[in-house]
Amino acid sequence: MTTTREFTFALLVLQAGVGLLTALGATVAAIGGFPGDALLAAAALSFALGQVTGAVLIARGSRRAATLIAIYEGVALFGATIGSMLQLGTDAHLAPWVTNIALPAALLALTLRLRGQATHRAGAATR
Amino acid sequence: MYLHSSSHLLGGIADDHLLGLAALALLPLAHPLFRRQPGFAAASWRDRIVAWLLAATAVIHLGLIPGHLIESPATSLLFLVNGVMFGGLAVAVFRWRHWRPAATGLLLATIVAYGLYVFTGRESVDDLGSTTKLVEILALALTVMPRHPGWARWSAATSMMLLTTLVAGFLGWGGILRDHAGALRQDVPVPTAADRDAAAAFAQRSWEAVAPYRDVDAALAAGYRPTTPPSQATIHYENAAYRRNGGPMMDPTRPQGLVYANGAHGKVLLGSMFVLSGREQHGPDFGGAVTSWHEHPNACVSPLTLNLSGLLTPFGNCPPFSFNIVTTPMLHVWRPDMPNGPYGELDERWAHRLAEGQA
């Protein structure tokens, strides 16, 4: 397996782990009396499962998984950028910056690179 | 008198940890050291990345030593031992066949030890601590990740990464909740005897003034609504009409918030809460350090559910479709017989006893 794939796998699993924590937080809020938060917990859980599945598929060389993860990270990055521009809170701090901006940006760059590599390989095979 | 909350990048790092971050400037010095190692040329990029991550956590730990030397020499000694061991392992990646089990053990021990340290109140969670844990979890992931295909090995490694992240986050959350959910406090001068008297008198007046709201239905009729999950042990209610700009800030008969405990026989009033209308405002600290205006920088709210959707994780995340907000400054004024004082940190056991009708 290439270093890019290995690194992408590790970062995606890390991102999934952090996502699972947010699912836990929303679950506590839902159990505490805000039932609508159960939807957010379900969304966080789904995203985390999607990230782990994507990580496994990327490790196996799936170009489609790399594309889907790239789209997801692009959307996440866009949302985080909008959030930080609105200056609603402390998103500009180091830890939120690392997990909300740097991590999606790194994954976006890595998945785009993997897509490029896969396209290049496919092109070379047809020639 | 300013609260500590700020939006600049280093605002979430404790002052005595800034040297730890600055120490990262020394990281490039590891490059010539790595290149001189016999196994460097043959090492995979993955192993090289692990070596860099181990070196990064080593210099951060070493940089934390001066900030803790006076207050907690034992902690400084642990940082020294940790830093030296991580530094040694970073070099060992290129020299020692068995570096992986050693790195796995040290990384796991360090992540769990940090979690227990903050969980038990020996240290507060800050951004450098959280980010360093992310670096260590990533190093752990790249260390334990199998080199060859195999369903069982990959599943075990993936589960370990997820579990480590969850345990680190869970323990970090424990530490944050212990610190009044990560509240940031307004600086106040040392109180005088007159300050103490004024604060005690205000607490007594405040408790008497909210007597009608001991019945939660009266509070609801007056416009108070829950702002924290209503089934939890303690619930905050707020009255939006009393939060508008221009209204009296500290009218004991019209506090912006009320706090109840959930009991077997209904809700039990624990005290009132005064909330400022803007983040830039400063609460009147008539009681000096007796009173404690604070704000919560780590609340998550969702525009979809229009309420609190959780607490920011120690790694700085909110649930999907949510965003982080910083609350406006607030001041709790508890029942005068609260064990930690009417302005102190809420004693959960006392609140529980009240809720169960045992006090």
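**Exercise 1.** State in which strand B:S302 is placed, decide whether B:S302 is buried or exposed, and list its contacts beyond the sequence neighbours.

*Solution.* B:S302 belongs to strand 7 of chain B, residues 299-302; strands are DSSP runs (E, at least two residues) and helices likewise (H or I, at least four), numbered from the N terminus. Next, the relative accessible area of B:S302 is 2%. Buried means under 20%, exposed over 50% and partly exposed in between (1.4 Å probe, protein chains only), so B:S302 is buried. Finally, with neighbours within four places in sequence left aside, B:S302 touches A:L40, B:N307, B:S309, B:F321 and B:S322, where contact means heavy atoms within 4.5 Å.

The model is predicted: local features need pLDDT of at least 70 and side-chain atom pairs pLDDT 80 or more, while totals for chains, interfaces and linings use all residues. Residues are numbered from 1 along each chain as written, chains are lettered from A and ligands numbered from 1 in written order, and side-chain values use heavy atoms, without hydrogens and water.

**Exercise 2.** Check the length of helix 3 of chain B and determine how many of its residues are buried.

*Solution.* Helix 3 covers residues 45-63 of chain B, 19 residues. The expected span is 1.5 Å times one less than the number of residues, which gives 27 Å and agrees with the 27 Å between the end C-alpha atoms. Of the 19 residues, 15 are buried, so helix 3 of chain B is largely enclosed by the rest of the structure.

**Exercise 3.** Identify which residues touch the most other members of the largest nonpolar core.

*Solution.* A nonpolar core is a set of buried Ala, Val, Leu, Ile, Met, Phe, Trp, Tyr and Cys residues joined through side-chain atoms within 4.5 Å. The largest has 53 residues, and A:F9, B:F34 and B:L54 touch the most other members. Helix 3 of chain B gives the most to this core, eight residues. A second, separate core has 18 residues, including B:I60 and B:A168.

**Exercise 4.** Find how many residues each chain gives to the contact between chain A and chain B, and what area is buried there.

*Solution.* Chain A gives 44 residues and chain B gives 59. Buried area is the accessible area (1.4 Å probe) that two parts lose on being put together, summed over both; here it is about 4,200 Å², with 75% from carbon and sulfur atoms. On the chain A side, A:L21, A:F34 and A:L94 lose the most area to chain B, together 16% of what that side buries.
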